[in-house]
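Have the chain in view before you read on.

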Amino acid sequence: MRQSQLFANTLREAPAEAEVTSHRLLLRAGFIRQLAAGIYIFMPLGLRVLQNVERILRDELERAGANELLMPALQPTELWKESGRYDVYGPELIRLTDRHHREFALGPTHEEVVTMLMKNEINSYRQLPVTVYQIQTKFRDERRPRSGLLRGREFLMKDAYSFDTTWDGLNRSYRAMYDAYHRIFERCGLTFRAVEADAGAIGGEGGTHEFMALADIGEDTIAVCTHCGYSANIEKAISREECFETEGNTIPKYDKIHTPGVHTIKELTEYLKIKPVNVMKTLIYLADGNPVAVIVRGDHEVNEIKVKNALGAETLTLSETETTESVTGAKTGFAGPIGLSIPLLVDKVVIRMKWGITGANESEYHIKNVVPGRDFSVEHVGDFRNVKEDEACSRCEEGKLRLVKGIEVGHVFKLGTKYSEALKARYLDANGKEQPIIMGCYGIGVSRIVSAIVEQYHDERGIVWPPAIAPYRVHLIPVSIRDDMQRKIAEDLYDALRQIGIDVLLDDRDERAGVKFNDSDLIGLPIRIVVGKDAIHGKVEYVERSENNKQLLSVEEVVMRINTGDKFR
Ligand code: 9G3
């Protein structure tokens with residue numbers, strides 16, 4: 001491609017609203033342009049990157065035996081009513097009516113559509129198993145779209161769905177996708193971890209993994225063991241139980257203490273000269289609108305996903321001040337387990353505390369020498385907290401948990417029969433008996449991957465594309481297009497490289513060298529060849545964007561070097 005014809009304007013600065021690096025660089029390098037909040041145009045350079053990701057996806061999914069199809073974005077909302085999800089999603093599900101006043105949704109995902117398709121296509125066990133996938137635009141009206149392609153309202157997803165007659169079959173289909181995902185993310189050059197995850201609203205009976213691209217700006221926190229392979233989303237992660245001295249409890253009767261103006265754990269520990277581990281922190285939540293109290297040790301955080309799952313609640317929100325006051329009779333910061341008339345969820349670390357300080361459910365008062373079981377009910381004990389950095393791994397003897405940030409680029413689920421039962425997608429088994437199809441679903445954020453790669457591959461000068469993803473393999477730059485010899489050598493090299501199938505961007509613009517080099521650093525193609533003053537000695541400069549290792553080579557050597565470079569897949 002000649003850069004004088006390329007539609008790509010680089011920017012010296014990114015707009016102020018672009019905060020994360022990938023968003024800033026993709027805008028500055030001319031890969032994307034924003035149309036509206038969370039809605040982007042893929043410019044020519046950005047589209048070539050997207051197509052490289054799609055090429056890898058199709059190659060690996062073909063290898064895994066999946067069939068590509070394409071489903072509509074417009075979905076009759078009757079399907080969502082039939083699956084029971086019509087009311088689960090609020091404003092995030094974009095709904096519209098057609099000219100006949102029939103209601104449709106712009107598809108955020110396609111479980112209902114693909115299950116309806118299979119209901120009509122599959123009627124015998126002999127037709128199963130089958131896995132289908134699509135690479136298709138999804139719509140989710142995020143309240144706060146942000147970080148460019150990382151959280152958009154219209155984005156590209158690869159979503160696959162597997163259909164089996166047995167759970168064993170699902171496990172095989174799941175494994176095939178799980179392994180394909182490893183190969184896909186490796187080929188994209190991503191540093192990632194597959195982590196045990198929470199199934200969330202999608203439900204499904206068993207097992208789900210998220211694929212997290214490691215990046216500090218990632219929205220997810222994952223716990224990773226330093227020793228064994230254990231890794232889990234913090235929503236689900238568990239650590240090994242701490243051991244506690246268990247000798248008898250000779251704690252005196254609990255006793256109220258005046259703690260004026262002490263609202264936070266920090267103020268409480270300073271005021272009473274105690275440590276957070278001596279505090280039993282009580283928080284009031286509304287589970288599906290009903291108040292519940294959750295108690296965790298003062299140095300721990302409540303894990304709302306674990307609480308919600310334990311209660312089987314659809315929604316769980318921290319109660320507002322007035323609810324807290326009406327439930328506890330005290331201002332926020334003085335809640336405690338003693339004397340509450342609402343369900344008490346006690347974290348299992350708390351029940352092994354010999355004593356603790358809690359709120360008195362009376363403003364400006366706390367209680368000391370509180371003993372779990374003696375002074376409040378420990379009927380509902382469970383794991384209701386987030387694991388912490390450096391806690392012992394629950395899977396191996398010597399590992400410690402590290403907490404790192406990740407960008408969710410893939411998510412695989414064992415759905416079971418949740419959708420096939422709801423939509424009556426059944427088949428006749430070998431005995432002629434009707435059975436519900438057993439499903440799995442598997443997503444990859446295709447446009448999100450582009451940003452995740454930039455987050456992992458950039459430096460202070462711009463993007464550093466992995467070769468398999470880069471829009472072009474080589475940036476061929478004659479320093480001065482007005483110098484006949486430089487231009488001729490560049491043109492000959494351009495033809496020679498394209499003849500051996502190398503994608504080359506030839507910077508044939510009549511621009512100063514500095515402009516060309518800054519743009520080249522920003523766009524970030526893997527190999528740069530500069531035809532400059534050494535051209536009279538038949539030498540050109542060869543440099544790899546990731547190494548910055550300039551070398552003077554002959555034109556023949558350059559062609560040889562690039563041609564023998566490992567064939568990036
Ligand atoms: C909705 C809206 C947003 C959603 C969903 C439904 C997330 C929804 C979960 C999934 C599960 C899997 C197939 C590919 C892999 C992920 N956000 N999810 O179901 F109506 Cl507005 O999408 N789907």
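Predicted model: local features only at pLDDT ≥ 70, side-chain atom pairs only at ≥ 80, totals over all residues.

Residues are numbered from 1 along each chain as its sequence is written, and side-chain values use heavy atoms, with hydrogens and water left out.

Start with the ligand. Its shell has 17 residues, and the closest are Arg85, Pro108, Thr109, Glu111 and Arg140 (a residue counts if one of its heavy atoms lies within 4 Å). By class, that shell holds ten nonpolar, two polar and five charged residues. Strands β8 (154–164) and β24 (438–445) each give at least two residues to the shell.

| Side chain | Ligand atom | Distance |
|---|---|---|
| Arg85 | oxygen | 2.7 Å |
| Thr109 | nitrogen | 2.8 Å |
| Arg140 | oxygen | 2.9 Å |

On its own, the ligand exposes 500 Å², and the protein buries 91% of that (areas come from the Shrake-Rupley method with a 1.4 Å probe).

Now for helix α12, residues 513–523. Lys516, Asp519, Ser520, Asp521, Leu522 and Ile523 are buried there, meaning under 20% relative accessible area (1.4 Å probe, protein chains only). What do these buried residues pack against? Their partners are α1 (21–28), α2 (44–63), β26 (462–463), β27 (474–478) and β29 (527–531), with contact meaning heavy atoms within 4.5 Å. Just after α12, Gly524 takes a positive phi of about 80°.

Methods: Polar contact = N/O pair within 3.5 Å; in protein donor to acceptor, adjacent residues only side chain to side chain. Helix = DSSP H or I, 4+ residues; strand = E, 2+ residues; numbered from the N terminus. Nonpolar A, V, L, I, M, F, W, Y, C, P; charged D, E, K, R; others polar. Buried < 20%, exposed > 50% of the residue type's maximum accessible area, 1.4 Å probe, protein only.
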